[in-house]
Amino acid sequence: MSHIEVHQMDENVVEKRHNLIYGLNDKPPFLDALFVALQHVGAIFIPIATPGLIICGALNFDVNTTSYILGMSLFVSGIATFIQARTFGPVGSGLLNIQGTSFAFVSAIVAVITTSQESGKTPEQTIALVLGLCFFGSFIPIILSRFLHLTQKIFTPLVTGTTVTLIGLTLIKVGMFYMAGGAAAKQNGTFGSLQNWALSGLVFAIVSYCSASTNKYLKMGSVVISLTIGFVISLALGIVDFSRLGGLPLINIPVPFRFGLAFDFATFIPFAILYIALTLEVVGDITATAMISGEPIKGGQFFRRLKGGILGDGVNSLLAACCSTFPVVTLAQNNGIIQLTGVGSRYVGYYVAAILTFLGLFPIIGGLLITIPMPVFGGAVMLMFGTVAVAGFNILRGVEMDNRSFVILAVALSTGLGVTFLPEAIHEFPPQLRSIFESGIATGSIFALVLNLIMPKTKELSKEEALMLSDLHRPVEPD
């Protein structure tokens with residue numbers, strides 16, 4: 001890296017740190033840290049719970065079994081977040097990387113459930129197979145993390161910037177779905193109603209105003225403030241549903257390997273590919289976290305964080321399987337919270353970890369968050385998703401956009417957004433391929449990675465050629 005590049009990178013880091021209220025290693029006061037941590041939890045609680053709800057529904061599990069699996073999803077997410085933020089030896093990124101149950105495995109797991117049910121397996125045998133596949137698949141990111149230092153020419157700023165951009169752009173579709181009312185509104189016929197848009201639009205306006213404010217507490221509390229106001233208005237409108245709180249147990253006690261483990265090699269192949277694709281996605285997430293936290297996104301320190309973060313994802317997914325829940329991954333939406341609040345302190349991760357662990361052990365408390373109407377939630381998270389996309393743009397801004405880079409970016413964005421906007425277009429694909437390419441993030445990232453490896457690079461000019469070229473473009477001085 002040239003002296004000029006290092007100087008430019010340092011200037012970017014200084015600029016990013018200037019925009020932060022608390023940097024990576026700053027220790028915010030208790031109330032400030034707790035305030036920001038609650039916003040992180042509010043942004044991820046439903047996404048963490050949703051995969052378990054879908055999978056348990058496919059297995060026809062009863063309320064107690066479902067609540068146990070959901071509780072363990074939150075419990076493991078808390079432990080995993082602490083490991084990432086605190087680091088233990090080589091495990092963990094040391095950044096404010098919030099962990100949560102991955103939605104990417106849902107379609108693959110549901111496909112396994114469908115096949116198992118058709119073959120006559122019981123729900124208990126099926127969940128054992130699912131957990132076994134997740135357990136052994138966790139070793140893939142663990143192994144890949146040990147060789148990440150050999151891939152610096154693979155995970156270039158062009159590849160990681162494209163991945164981060166896709167993360168944000170594909171999440172915007174999710175945010176729009178939430179703002180219109182979500183799945184519940186689809187069922188009751190209120191999807192896209194004026195009431196939903198008025199409510200979500202108000203929350204969106206509040207979080208945007210607070211995030212742009214120069215007031216420290218408004219900026220840090222933007223998500224909590226908007227959610228609270230939206231929830232109070234929802235109570236007044238009578239659209240808050242407390243019925244789902246019934247039947248929840250008072251406490252969840254972790255039981256290792258409660259459902260056992262099983263394995264099938266043929267079924268394992270799509271899981272293995274998913275773990276590889278998600279590793280690339282995690283590279284983008286960690287890069288985004290480092291950048292918006294005012295930390296370098298090049299060099300030895302950055303790659304040590306990447307290796308530790310990916311190793312942490314693998315170890316934490318292994319822990320999840322041991323606790324009878326599903327793989328965890330670094331969540332993209334929390335980068336939006338860092339951007340909105342101006343708080344990138346990894347110590348906030350300790351508070352997030354404690355809250356998630358507590359909610360996992362006492363599901364009745366966490367169940368209150370489920371009662372937040374989806375338009376309110378969508379209005380609060382929509383801006384976060386947009387800021388993740390902007391973080392990707394900032395990474396790409398430092399890439400020299402020659403014709404090669406332009407084509408790679410265009411292909412990755414068009415394919416990634418194509419399957420996001422029209423997922424039914426690939427319904428004829430084999431199930432194994434469909435489970436990979438139905439994720440716009442995975443699709444675009446794979447294309448960016450492969451094209452970056454196989455497309456010939458533009459020939460670098462020698463010093464003599466560069467000098468001649470500069471002479472040709474030098475304006476002629478008048479006599």
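1. Axes here are lines fitted to C-alpha atoms over the stretch in contact, with angles running from 0 to 180 degrees between N-to-C directions. On the helix 7 side the contact uses Met176, Met179 and Ala180, and on the helix 9 side Asn196, Trp197, Ser200, Gly201 and Phe204; contact means heavy atoms within 4.5 Å. By class that is 5 nonpolar, 3 polar and no charged residues, counting Ala, Val, Leu, Ile, Met, Phe, Trp, Tyr, Cys and Pro as nonpolar, Asp, Glu, Lys and Arg as charged, and the others, Gly among them, as polar.

2. A word on what you're looking at: this is a predicted model, so local features need pLDDT of at least 70 and side-chain atom pairs pLDDT 80 or more, while totals for chains, interfaces and linings use all residues. Residues are numbered from 1 along each chain as its sequence is written, and side-chain values use heavy atoms, with hydrogens and water left out.

3. Now the overall picture. The chain has 21 helices and 2 strands, taken as DSSP runs (H or I, at least four residues, for helices; E, at least two, for strands) and numbered from the N terminus. Of its 479 residues, 53% count as buried, meaning under 20% relative accessible area with a 1.4 Å probe, protein chains only. Among contacts with a separation of 6 or more, 83% join residues 24 or more positions apart.

4. Helix 5 (residues 123-137) and helix 6 (residues 139-146) have axes that come within 5 Å and cross at roughly 5°. That makes helix 5 roughly parallel to helix 6. Phe135, Phe136 and Gly137 of helix 5 meet Phe139, Ile140 and Pro141 of helix 6. This contact has 5 nonpolar, 1 polar and no charged residues.

5. Also in helix 5 is Thr126. Buried or exposed? Thr126 is buried, at a relative accessible area of 0%. Leaving out residues up to four places away in sequence, Thr126 touches Leu59, Ile113, Ser116 and Lys121.

6. Lastly, the cysteines. There are 0 disulfides in the structure, a disulfide being a pair of cysteine sulfur atoms within 2.5 Å. Cys56 is buried, with a relative accessible area of 1%, and Cys210 is buried too, at 3%.

Definitions and conventions: Parallel < 35°, antiparallel > 145°, perpendicular 65-115°, else oblique. Buried < 20%, exposed > 50% of the residue type's maximum accessible area, 1.4 Å probe, protein only.
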